[in-house]
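Subject: A structure for you to look through

Hi,

I am passing on a structure for you to explore. Please open it first, and then read my notes alongside it.

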Amino acid sequence: MVQKSDEQLLIETGEGLNESFRELVSRFQDRVYNTCFGFLKRQEDTEEIAQDVFLHIHEKAKTFRSESKAGTWIYRIAVNKSLEFLRWKSREKRSGFFNTISIEDQKNRSNWEHPGIQMENRERATILYSKIESLPEKQRIAFVLHKIEGISYKEIAEIMELSLSAVESLIFRAKTNLRKELENYYKS
Amino acid sequence: MEKEREIEKTLNSLDNLIKAKAPVSFYDELEKRMSERTIMIPMPLLKIAATVILILNLSIFFRTQIVELSFNNNAVELNDDYFNNYSIDLESYTEIAENEGY
């Protein structure tokens, strides 16, 4: 049996075929989950947002135009949903003047719980990740997609709707900024 | 030198990262959320219902106001008639009294 393409599955999802949606989820769930994890750091948040991504896909599959690849479209939704959630969280934190954050919660927020980090790299990765958070948004998106999800520069350019040279420049600047931040960190 | 090495190691600490995987129950949880969503009344429908209720309430309110106003106007008109008739009666009484020599 010939395997259906991702685009075909997405179109069929838009036509209301649940089996196609199920297949699409099984193909993309790990990629979406890992991408969201790269931005959100916490398992609970990642699970919720990764599901939101698929709910959005299910709702908006009808609007998918086959001009772009299904994967690009899905990654774009995953990035947007993750960033939306982070913005909402920072707004909530700012408006919650009287809210107290428990010590446990603070600890969870500062730690990066990515299950794929090797034990000996855990501490360094946590330091690096805290610096990634301070990068400008576009640099952060490009860097996370490349480092965490291992996406090629070309595909990142399609996801972010930028030119290839713009993505190269974003990642170069991200690395330079991170190096500067780490120099300050290790100096202190 | 030591510091440079440390920075380099930290910068490369995300290399060879094993990708995170979605939990096994991911699709089941997603299906649960999807069924919850279909049970929920869609927002536009809720807004339409709220608008209809508001319009009905307003129309009932204004209708009672209009009825009350027209009732009050009628009452005023009735009172005027009464007083006019009453004054006619007074005139006729004066006439009778005069005729009888009071």
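Below is what was found in it, one part at a time.

First, the ground rules: this is a predicted model, in which local features need pLDDT of at least 70, side-chain atom pairs count only at pLDDT 80 or more, and totals for chains, interfaces and linings use all residues. Residues are numbered from 1 along each chain as its sequence is written, while chains are lettered from A and ligands numbered from 1 in the order in which they are written.

Let us begin with chain B. It has three helices and zero strands, and its pattern along the sequence reads α-α-α. Helices here are DSSP runs of H or I with at least four residues, strands are runs of E with at least two, and both are numbered from the N terminus. Of the 102 residues in chain B, 9% are buried. A residue is called buried if 20 or more other C-beta atoms lie within 10 Å of its own, exposed if 12 or fewer do, and partly exposed in between, with C-beta atoms placed from the backbone.

How many residues of chain B are in contact with chain A? There are 21, and they meet 29 residues of chain A. (Contact means that the C-beta atoms of two residues, placed from the backbone, lie within 7 Å.) On the chain B side, helix H1 (2-11) and helix H2 (26-39) each supply at least two of the touching residues. That side divides into 12 nonpolar, two polar and seven charged residues. Here Ala, Val, Leu, Ile, Met, Phe, Trp, Tyr, Cys and Pro count as nonpolar, Asp, Glu, Lys and Arg as charged, and the others, Gly among them, as polar.

Now to chain A, where helix H3 covers residues 43-60. At 1.5 Å a residue, its 18 residues should span 26 Å, and the end C-alpha atoms are 25 Å apart, so the two values agree. (The expected span is 1.5 Å times one less than the number of residues.) Buried residues of H3(A) include Ile49(A), Val53(A), Phe54(A) and Ile57(A).

The loops on either side of H3(A) are worth a visit. Lys41(A) lies in the loop between helix H2 (18-40) and H3 of chain A. Although Lys41(A) is not a glycine, its phi is positive, at about 70°. Is Lys41(A) buried or exposed? Lys41(A) is buried, because 21 other C-beta atoms lie within 10 Å. Lys62(A) sits in the loop between H3 and helix H4 (70-95) of chain A, and with 12 C-beta neighbours inside 10 Å it counts as exposed.

Further along, helix H8 (residues 153-160) of chain A packs against H9(A) at an angle of about 105°, with the axes 8 Å apart. This makes H8(A) roughly perpendicular to H9(A). Axes are lines fitted to C-alpha atoms, for helices over the stretch in contact, and angles run from 0 to 180 degrees between N-to-C directions; under 35 degrees is roughly parallel, over 145 roughly antiparallel, 65 to 115 roughly perpendicular and the rest oblique. Among the residues that meet are Tyr153(A) and Ile156(A) in H8(A), and Leu164(A) and Val167(A) in H9(A).

Between these helices, the H8-H9 loop of chain A holds Glu161(A). Its phi is near 55°, again a positive value in a residue other than glycine. Glu161(A) counts as exposed, with 10 C-beta neighbours inside 10 Å.

Enjoy exploring!
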